[in-house]
Each structure stands twice: as structure tokens, then as C-alpha cells.
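Hi,

Here is the structure I promised to pass on. Could you open it and keep it beside you while you read my notes?

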Amino acid sequence: MTVTAKAKGRHHHGALRRALLDAVAEIVIEDGPEAVTLRECARRAGVSHAAAAPHFGDKRGLLTAFATEGETRLAEAMLAALDTLPGGSPPEARLAATGRGYIAFARNWPAHFRLKCRANLIDRTNRDWCEAAERPFALLSEALDAVAPDLDARARRARLTLAWASVHGFSALRAEGSGSDLWRPEERATVVAEDFLALIVSACTSPAPTRQTE
């Protein structure tokens, strides 16, 4: 992604905000989230630090806005995957589709994915971020409840954790290039992802293990 610098004073409000967020993505891909500064984003957007500051306040505000956008895009990717299913698809297919959407988000928006779960860099009390972050998890929760409606609270939490952590971990390993024989060529990565999602669905629909009583 390339951000073209603009002459000072030529941005209208929305365009400058977009340019600053695009600059965040560029820096995150190049050097990681820690390297982002409001001053550097302003430089890449072609404006002064003073012109950029009113939009986000500081680095934390800038990264929080970027993370909020990421959560929105994650929900959109999950919904897009769900929308590809034919009418009358079984609940198991819907659960797999939420994971497929997460994997697509990580591939298509790598900078947003890299910032995800970096609590030390964003303001997790921000209302916009909280609302945006609730939607992807709600989509997963709805899909799990449809495929396994009779779980008790403990079993449900375990399956939500399994599904969320597994797909995130899969996406992170693939993004890092670890275990490259699993992800290359791209056709193999698609097959591996589908087999992986099938295993997650199978685990989420399996009977809860017998618990020992004390």
C-alpha cells in the first residue's frame, strides 16, 4: 500500500483522516505497530503534525481508530463469507464460514490483523472500538449457538475459545510464514484452511467431555 503525499492545506477533513489511517497501515506493514507515530503519519500524508493532531489526539488515539476500522472490516469479512452460503445451509456451514471470513480478513487486511489484540497500544475503553469489536465475536457466538444450542455455559466458553483462538493462531502462523510447506502454493493453503475449519466444526459439535467431580 502506498500513500501519496499531498501538499499542505489540500486535504478536506475526510480525506486527511483517510490519508492518516492509510499511513498507519503502511508503517505497520513496514516496521510493526510500535513504529507508528502521529508525526510520521502526518509527514506521509503531507501535512503538519499540528494539522493531524485534531483528528486523533495522539498515537494511541490514532491506533485505536485504526483498530476500530479493523474490527469493522473483520465483521464485514465474516458477513461476506456467510453471504456466500446457499440458502438453507446447515449450521455447521455457517460456523465454518465465520472462520473463513476471519482468515480472509487476516489475508486482505494484514496491517489491521497485526494490530489486533495489542491491548497495550490501543484504548480498549473507547466506545467506538468496543462496539466494533463486539460484532465479530457476536457473529461467532450466533453461529456456535445454532450448531450446538444445548451447551452449558462452561462448554460454550470452551468452544468459543477453541474456535476463536484456533483461527487467529492459524492466521498468525500463515502471516508470519511459519510452516511454509503448509501454506504454499496458494492452492494448498486453501485446502489446508478448509480442512482446518472442518476440524474446528467437528470439535465444536462433539459431546462435552465427562467432568470429574470432587
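Predicted model: local features only at pLDDT ≥ 70, side-chain atom pairs only at ≥ 80, totals over all residues.

Below are my notes, starting with the overall fold and then going into some details.

Residues are numbered from 1 along each chain as its sequence is written, and side-chain values use heavy atoms, with hydrogens and water left out.

The protein chain has ten helices and zero strands; these are DSSP runs numbered from the N terminus, with helices (H or I) of at least four residues and strands (E) of at least two. Of its 214 residues, 42% count as buried. Here buried means under 20% relative accessible area, exposed means over 50%, and partly exposed is in between (1.4 Å probe, protein chains only). The C-alpha atoms fill a box of roughly 65 × 40 × 40 Å along the principal axes.

Now to the salt bridges, meaning a side-chain nitrogen of Lys or Arg within 4 Å of a carboxyl oxygen of Asp or Glu. The whole structure has twelve. In one of them, Glu69 pairs with Arg18, with the closest N and O atoms 2.6 Å apart. Glu69 sits in helix H4 (residues 59-83) and Arg18 in helix H1, so this pair ties together parts that are 51 residues apart in sequence. Glu69 is buried, at 14% relative accessible area, whereas Arg18 is partly exposed at 30%.

Glu40 and Arg44 also form a salt bridge (2.8 Å, N to O). They are four residues apart in helix H2 (residues 38-45), about one helical turn. Both belong to a network of salt bridges that also links Glu26, Glu30 and Arg43.

Ile27, in helix H1 (residues 13-31), is buried, with a relative accessible area of 2%. Among the residues that Ile27 touches, leaving out those up to four places away in sequence, are Glu40 and Arg44; contact means heavy atoms within 4.5 Å.

Finally, have a look at helix H3 (residues 49-56), where the buried residues are Ala52, His55 and Phe56. They cover an arc of only 75 degrees around the axis, which puts them on the same side of H3; the arc is taken from the directions from the helix axis to the C-beta atoms. Ala50 and Pro54 are exposed on the other side of H3.

Best wishes
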